[in-house]
Amino acid sequence: MELYELTIHELHRKLKNREVSSVEATRSMLERIGAVEDRVRSFITVTPEEALKNAEAADRRIAKGKIDVLTGIPVALKDIFLTAGIRTTCASRILENFIPPYDSTAVAKLKEKGIVLVGKLNQDEFAMGSSTESSWFGTTRNPWHPDYIPGGSSGGSASCIAARQATATLGTDTGGSIRQPASHCGCVGLKPTYGRVSRYGVIAYASSLDQVGPVTRDVADCAIMLGAVAGHDPKDSTSVNLPVPDYSAALVHDVKGLKIGLPREYFIEGLDPSVKKAMDEAIATYQGLGAEFMEISLPHTDYAVATYYLIATAEASSNLARYDGVRFGHRNTDARGLLDMYMLSRDEGFGTEVKRRIMLGTYALSSGYYDAYYLKAQKVRTLIMRDFIKAFETVDVILTPVAPTPAFKIGEKFNDPLQMYLSDIFTIPVNLAGTCGISVPAGFSREGLPIGVQLIGKPFGEETILRAAYAFEQNTEWHKRKAEM
Amino acid sequence: MKYQVVIGLEVHAQLLTNSKIFCGCSTRFGAEPNSQTCPVCLGMPGALPVLNGKVVEYAVKAGLATNCAITPRSIFARKNYFYPDLPKGYQISQYELPICVNGCLEIEVDGETKKIGITRIHMEEDAGKLVHMETMDAGEKSYVDLNRACTPLLEIVSEPDLRSADEAVAYLKKLHQIVVYLGICDGNMEEGSFRCDANVSLMPVGSDTFGTRAELKNINSFRFIKQAIEYEIERQADILDEGRKVVQETRLFDPATGTTRSMRGKEEAHDYRYFPDPDLVPLVIGDDWVEEIRGTLPELPDVKRQRYVAEFGLPEYDAEVLSASREIAEYFEACAALYPQAKTISNWVMGEVLRALKEDGREIADCPATPRLLTDMLQLIEKGTISGKIAKTVFEEMYKTGKEPARIVEEKGLVQVTDTGAIEKIIDDVLAKEPGQVEEYRNGKEKLFGFFVGQVMKASRGKANPAMVNELLLKKLKG
């Protein structure tokens with residue numbers, strides 16, 4: 001097996017035993033990126049020099065016996081994470097040439113452990129989208145089939161793992177942006193509980209919903225990555241000061257007696273038969289492992305998408321106000337006067353979907369509409385949160401599809417935003433409730449596109465969903481299939 | 001006038017914290033542009049605010065000193081608007097749930113005491129500063145300095161309880177005194193550390209429905225606030241007299257002309273789209289902490305003034321002057337602890353001490369004539385070592401050099417002459433030199449007594465004990 005194909009834990013073993021060096025692993029990865037990037041376009045920026053420098057440093061560290069599980073591992077990051085000295089665009093023209101002066105906390109933590117940064121990954125512009133089609137840098141393709149989207153917004157994070165262009169990646173998830181692309185590309189993707197991972201230095205889309213999480217080849221890698229970035233950060237007031245458990249230690253192969261809820265509202269019409277089949281098979285697998293199933297109700301599910309598109313866009317309309325061409329980012333230099341400069345810079349700098357959401361959010365917060373939209377949405381959000389709290393009184397985890405359909409075709413929904421928005425119907429409620437969810441590979445469509453299922457846990461119940469996902473993975477073969485390229 | 005004036009004030013006080021409200025940058029004034037900035041106050045992508053606890057403490061202090069209720073759970077909100085000095089495109093402020101509510105202050109105007117309601121006090125960040133410059137090649141250019149961005153402010157909003165420009169000034173002075181007393185604001189109005197917007201409206205006398213108001217901005221002195229309000233009252237009265245309607249608008253005060261002019265109307269008013277800032281969790285303040293802060297509050301001017309009257313038997317006027325600033329009060333109290341005659345101290349502080357300080361523009365905390373030196377000097381007067389008149393000379397020297405008064409007296413030979421023989425000899429000499437005057441006095445022109453005292457004091461170079469001079473002189477003249 002080629003070095004670029006290994007998981008974190010496999011490569012770590014080889015590095016630790018000095019069977020290979022990080023430089024070798026990194027070269028293998030850079031070659032792989034070069035070989036397949038034209039077909040996938042996972043990256044906005046590849047950083048070979050930085051990568052080799054990191055790899056050499058990692059090898060020196062390993063030689064001193066100071067190896068961490070992530071030392072020398074080639075990692076790529078969604079281009080939403082600020083990386084000091086390395087261009088960070090958020091897939092927007094407005095930040096096309098933005099070189100950040102500082103590292104986001106998640107990146108700093110990974111660097112401390114000695115990762116090798118191979119590049120910055122494509123995404124929907126400002127993480128607004130479900131297909132990675134809204135990127136200023138072009139569309140990423142699904143490694144399983146070039147005509148299909150990889151999902152989004154962390155499309156590059158998932159395609160990169162499926163195409164084996166990095167050992168592990170980080171994404172962000174505001175309404176499903178880790179779990180949905182992970183599902184569409186056959187990877188493992190986890191959205192932690194809100195507050196589990198610092199948002200400092202992560203370009204904000206919707207602050208009360210955004211959360212950093214890993215996209216990886218398997219559940220064990222997912223636990224490693226989560227453990228590396230989780231924890232309280234004094235620079236993020238919304239990060240929670242709770243100890244970080246040893247997530248890898250939670251990966252025991254046992255779900256006997258685990259109570260799994262099946263929310264009635266998630267088995268809707270319009271659920272793709274292949275998704276339904278994957279769900280049925282997953283239920284059977286868990287039953288075979290001794291888990292108990294019960295039907296539950298999350299009665300406000302129907303309102304989740306509407307609620308999300310009011311809250312997320314309201315916050316976004318304010319978060320994106322700083323891109324005004326004054327201090328950094330794109331500026332129209334022909335503008336006459338201040339207002340003109342604002343309008344032209346933002347008009348040229350932002351894409352259609354971003355503008356649409358800024359306008360939606362601005363409207364929702366406007367005087368005279370605030371109560372009817374934003375405030376009402378906040379109230380419904382509380383109800384959705386309560387739905388989950390109530391459900392978790394009787395079950396340990398909730399099992400649902402990740403998306404109603406497998407990956408759709410490039411261009412299929414791009415001009416139909418409502419259809420696009422509905423593709424996040426099963427992931428959005430988790431963000432609104434602020435709890436955690438993981439997507440694991442659970443089947444394939446007739447076209448050969450991967451399908452994932454989602455396990456939703458209690459707030460800070462990452463160990464439980466990782467354990468349940470691990471047990472499932474160890475008893476299925478889905479994660480072993482690889483995209484032919 | 002047939003109109004009732006209604007005024008409400010919004011005051012912005014910059015807090016004296018070392019670091020900014022949402023980041024660790026210094027708040028020092030006058031540094032190199034943009035040298036006191038970081039990703040947070042520059043509004044960089046991904047940067048997040050973290051609340052400075054000191055700001056909360058100062059806000060609670062202000063609230064307690066103005067009789068407010070402290071909100072147990074208050075919320076930061078974003079006020080959205082675009083301007084180049086506002087890096088994030090929104091200002092973090094408080095909106096629906098401010099930290100302090102329902103307070104009041106008592107003011108006194110023309111001998112009458114009046115209670116003025118305080119609607120709310122909230123915390124917020126300041127914006128940066130634009131610098132416009134003419135360049136050699138590119139015409140006029142604007143530069144942004146973000147050193148001030150994110151420095152902490154309190155906004156203190158009064159109820160529309162003020163009924164005249166004088167009341168507004170009295171309220172503003174009272175508030176100014178309190179925040180300076182608390183040590184939370186330097187009160188410098190010229191540098192904008194304490195600034196004020198005024199909402200002014202008129203309604204017919206006897207009406208209970210407020211008229212349309214104008215908001216006056218850019219008022220940075222007590223004199224200007226009076227000018228601005230008085231001008232605005234006249235302007236609105238003229239409009240109403242002509243049967244026209246006052247337009248709701250924001251007006252800019254121009255100190256050069258003493259007038260106000262329209263800045264923007266209601267139609268151009270911003271829709272700030274306030275909403276709770278999702279980057280900051282609700283601010284929860286426990287009663288314990290509020291009580292702890294209450295325990296650290298200094299004695300406030302009103303209470304101090306009353307105590308000076310009750311405890312030291314000072315006249316109202318003295319008590320007011322001595323309690324006007326915390327530093328003067330501290331000086332006075334330090335003196336009072338060393339010397340029992342409070343009124344004597346008061347006379348010296350209000351007289352020589354404040355005069356000397358004013359002359360060379362010094363703060364009382366830096367007064368070279370420290371409370372110990374001053375009271376040592378007062379003891380010398382009491383013991384009769386020097387006269388009150390000589391003491392003025394001693395004070396001058398003490399203020400100049402900071403030397404011990406006893407040493408000054410000794411070095412300059414200022415010890416009072418209390419020897420009867422010595423004084424009698426001087427008197428004899430004076431009387432011998434002025435036989436004509438003595439004659440006139442003895443013939444009934446008693447007014448001349450003062451003349452003789454003056455001559456004797458002069459001859460003794462001021463050192464003769466004045467009481468003894470009086471007594472002996474009288475004896476000799478009558479004799």
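Q: In which sense do strand 4 and strand 15 of chain B pair, and over how many bridges?
A: This is a predicted model. Strand 4 (residues 76-80) of chain B pairs with strand 15 of chain B in the antiparallel sense, over two bridges.

Q: Which residue is the bridge partner of B:Ala77?
A: B:Pro276, in strand 15 of chain B.

Q: What sheet do the three strands form, and in what order?
A: An open sheet in chain B, ordered 5-4-15, with antiparallel pairing. Its edge strands are strand 5 (90-94) and strand 15 (275-276) of chain B. Each of these pairs on one side only.

Q: What holds strands of a sheet together in general?
A: Backbone hydrogen bonds, in either a parallel or an antiparallel arrangement.

Q: Zooming out, how many helices and strands are in the secondary structure of chain B?
A: Chain B comes to 15 helices and 16 strands.

Q: What radius of gyration does chain B have against a compact globule?
A: Chain B has 30 Å. A compact globule of 479 residues would be near 23 Å. Along the principal axes, the C-alpha atoms of chain B fill a box of roughly 95 × 60 × 55 Å.

Q: And what share of chain B counts as buried?
A: 41% of its 479 residues.

Q: What about contacts in chain B between residues at least 6 apart in sequence: what share join residues at least 24 apart?
A: 69% of them.

Q: Switching to cores. How many residues are in the largest nonpolar core, and which have the most contacts inside it?
A: The largest nonpolar core has 225 residues. Those with the most contacts inside it are A:Val75, A:Ala469, B:Ala59 and B:Ala198. Helix 2 (residues 165-182) of chain B gives the largest share of this core, eleven residues. Apart from it lies another core, of 36 residues, including B:Trp348 and B:Phe395.

Q: Beyond its neighbours within four places in sequence, what is A:Ala469 in contact with?
A: A:Val188, A:Val219, A:Ile438, A:Val440 and A:Leu455.

Q: How many residues does each chain put into the contact?
A: Chain A gives 32 residues and chain B gives 24 residues. On the chain B side, 15 are nonpolar, four polar and five charged.

Q: Last one, helix 12 of chain A. What should it span, and how far apart are its end C-alpha atoms?
A: Helix 12 (residues 371-391) of chain A has 21 residues, so at 1.5 Å a residue it should span 30 Å. Its end C-alpha atoms are 29 Å apart, which agrees.

Q: Which residues of helix 12 of chain A are buried?
A: Among them are A:Tyr373, A:Tyr374, A:Arg381, A:Asp387 and A:Phe388.

Definitions and conventions: Residues numbered from 1 in each chain as written. Chains lettered and ligands numbered in written order. Predicted model: local features only at pLDDT ≥ 70, side-chain atom pairs only at ≥ 80, totals over all residues. Contact = placed C-beta atoms within 7 Å. Nonpolar A, V, L, I, M, F, W, Y, C, P; charged D, E, K, R; others polar. Pairing = 2+ DSSP bridges. Helix = DSSP H or I, 4+ residues; strand = E, 2+ residues; numbered from the N terminus. Core = buried A, V, L, I, M, F, W, Y, C linked by C-beta atoms within 7 Å. Buried ≥ 20, exposed ≤ 12 C-beta atoms within 10 Å, placed from the backbone. Expected span 1.5 Å × (residues − 1). Rg over C-alpha atoms; globule rule 2.2 N^0.38 Å.
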